[in-house]
Protein chains: 2
Amino acid sequence: MKKYAFGVDIGGTTIKIGFFATEGELIDTWEIPTRTADNGKYIIGDIKQSIEDELAKRNLSIDDIEGIGLGVPGPVTEDGTVLKCVNLGWGVINIEEILSDAMGKIKVRAGNDANVAALGEMWKGGGKGHKDLVLITLGTGVGGGIIINGKILAGANGAAGEIGHIPVSDDETEPCGCGKKGCLEQYASANGIVRVAKRYLAANPDCKTTLRDSDNISSKVIFDKAKEGDSVALTIVDEVGRLLGKSIASICCVLNPEAVVIGGGMSKAGELLINTIKEYYKKYAFHASANTEFCIAELGNLAGIYGGAKMIID
Amino acid sequence: MKKYAFGVDIGGTTIKIGFFATEGELIDTWEIPTRTADNGKYIIGDIKQSIEDELAKRNLSIDDIEGIGLGVPGPVTEDGTVLKCVNLGWGVINIEEILSDAMGKIKVRAGNDANVAALGEMWKGGGKGHKDLVLITLGTGVGGGIIINGKILAGANGAAGEIGHIPVSDDETEPCGCGKKGCLEQYASANGIVRVAKRYLAANPDCKTTLRDSDNISSKVIFDKAKEGDSVALTIVDEVGRLLGKSIASICCVLNPEAVVIGGGMSKAGELLINTIKEYYKKYAFHASANTEFCIAELGNLAGIYGGAKMIID
């Protein structure tokens, strides 16, 4: 094994790059802008340039590098084919082959960003010590990544771990971003919980709650008010925690993982949310999965570069 | 690779044994009774004896055998540990080690029977040509087995694929066999659909249906009446198909498999049930998984011995 590796997390606005020792240490990390112009045709060249600049700065050559692991914000199959990546403007391309060819046939591995983040959390984050886990990110949307026996589960169309689109309600009237109605993401994301709260306030105009004092109800406001004991905010957190606990019980009926790692902005709500999720998980879980460990993600937005590096180091 | 292998499917009343050429052909199959007396202590010896008898009959020795693959009706972890097997009377034992030691250190592999059956269906049955699939068996209960990259997914406690216990209803008043309320199995098994029908008839005493002509409503009666156009029977099949289609959509959000294979006694209902499941699957599925292939299991109660042999041949 060569001494160094790169982990790259391609986002819609910035590309995070991490320079790692293959022994596991993150040596340096930086960002470059994601140039999505002209169907994202500059992105690969920009990554190549940034990596070469870093190597030059350190008096290293590409021969010192074991490989480059990439997280991509779209579906990626096991052989490194990006099936489509709307955020970047990419159509169907084999990103592993293209970047490898551009960089002297170096080893390149790619995965969906949520899946790669899950690998990062397994390696150095909240899932450390486990080899079978599910990462659930509660951010603007609800994302997921699945690790089985230390490896990313990509799925036939690169769509494994799309747990934000588990159907949880037959009564929903508004569409999810995916076009369906009643997806988990419509309730359990940062946007979703706000929607649940506003809907509750509209349906219960006479209920007393400090939530009405806020000009702009955000997920943070809801959790803060719930922690202060506001009964309506607590009701909302309870309902969202119930949907998450129930969905995680379904996931665990399928996978029976060692651990579930909760990440994303909403995981910062801490004990209140996790305890609510766990309470409902216990209610809905099959007995053989009842003791699945719940952990909080630890790497924040560095999970992707860690996971990228881990794809190479393994 | 040696020339022969055995696949063994241990059930609560009989043990099925298959003698295979490692090239893939099933040469012979037979059954012996499962002696569950004295906490199932005779079972392993009975299997050993039956295999040795077969070898003697064929003038073969244990040295001609690549190995023995076992399906066990309980949770089995990846290292071959049976965690508990109520039907057989077994506690926690490593069945791979015990049988291997008893038979001159031959290669032994074991898995949960539903998971092993899934492997069999992938190899020689309805899932042929796929390497990522989910088998759903609609029998007395609802069982499941998951194959990822051609291998059984065991799960941390040997409980992966327990999809009969996905929570699908919050309104259920009767308990499932597992102790929870509202599991998929309570509606979508042979017993479950009868329960749904009886409940419907009790709640709608004035509805006209030929179902009331039956002294003994079974799942077969319900499907037969539905095929004859009985609107109540069709309503029941529709509701059960909806719960299955929705649950499979959830499963596919997690795994994004290539194929879903439907087996068990109820799969004999054929097109009517499958088409209803597929119709609701399309409604509930995430777009990237919308084209998951649906197949009917083909090996019946031989799936377990095929899967057992495949564990060895791989």
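Which strands of chain A does helix 4 (residues 113–124) lie across? I looked this up in the predicted model. Helix 4 of chain A lies across strand 8, strand 9, strand 10 and strand 11 (259–263). I noted its angle to strand 9 of chain A as about 55°.

Next, the sheet in chain A. I found five strands in an open sheet, ordered 10-9-8-11-12, with mixed pairing. Strand 10 (151–152) and strand 12 (293–296) stand at the edges. Each has a single partner strand, so one side of each lacks a neighbour in the sheet.

I then checked strand 8 (residues 133–138) against strand 9 (residues 142–148) in chain A. They run antiparallel and are joined by six bridges. Leu138(A) has Val142(A) of strand 9 as its bridge partner.

I moved to chain B. Strand 8 and strand 9 of chain B are antiparallel, with six bridges between them. A hairpin of three residues connects the two. Opposite Ile136(B) I found Gly144(B), in strand 9. Strand 8 of chain B also pairs with strand 11 (residues 259–263), here in the parallel sense, over five bridges. Val261(B) of strand 11 stands opposite Leu135(B).

Is strand 8 of chain B largely enclosed or left open? Five of its six residues are buried, meaning under 20% relative accessible area, so the rest of the structure largely encloses this strand.

Last, I compared the copies.

Note on methods. Residues numbered from 1 in each chain as written. Chains lettered and ligands numbered in written order. Predicted model: local features only at pLDDT ≥ 70, side-chain atom pairs only at ≥ 80, totals over all residues. Heavy atoms only, no water. Pairing = 2+ DSSP bridges. Helix = DSSP H or I, 4+ residues; strand = E, 2+ residues; numbered from the N terminus. Contact = heavy atoms within 4.5 Å. Axes fitted to C-alpha atoms, helices over the stretch in contact; angles between N-to-C directions. Buried < 20%, exposed > 50% of the residue type's maximum accessible area, 1.4 Å probe, protein only.
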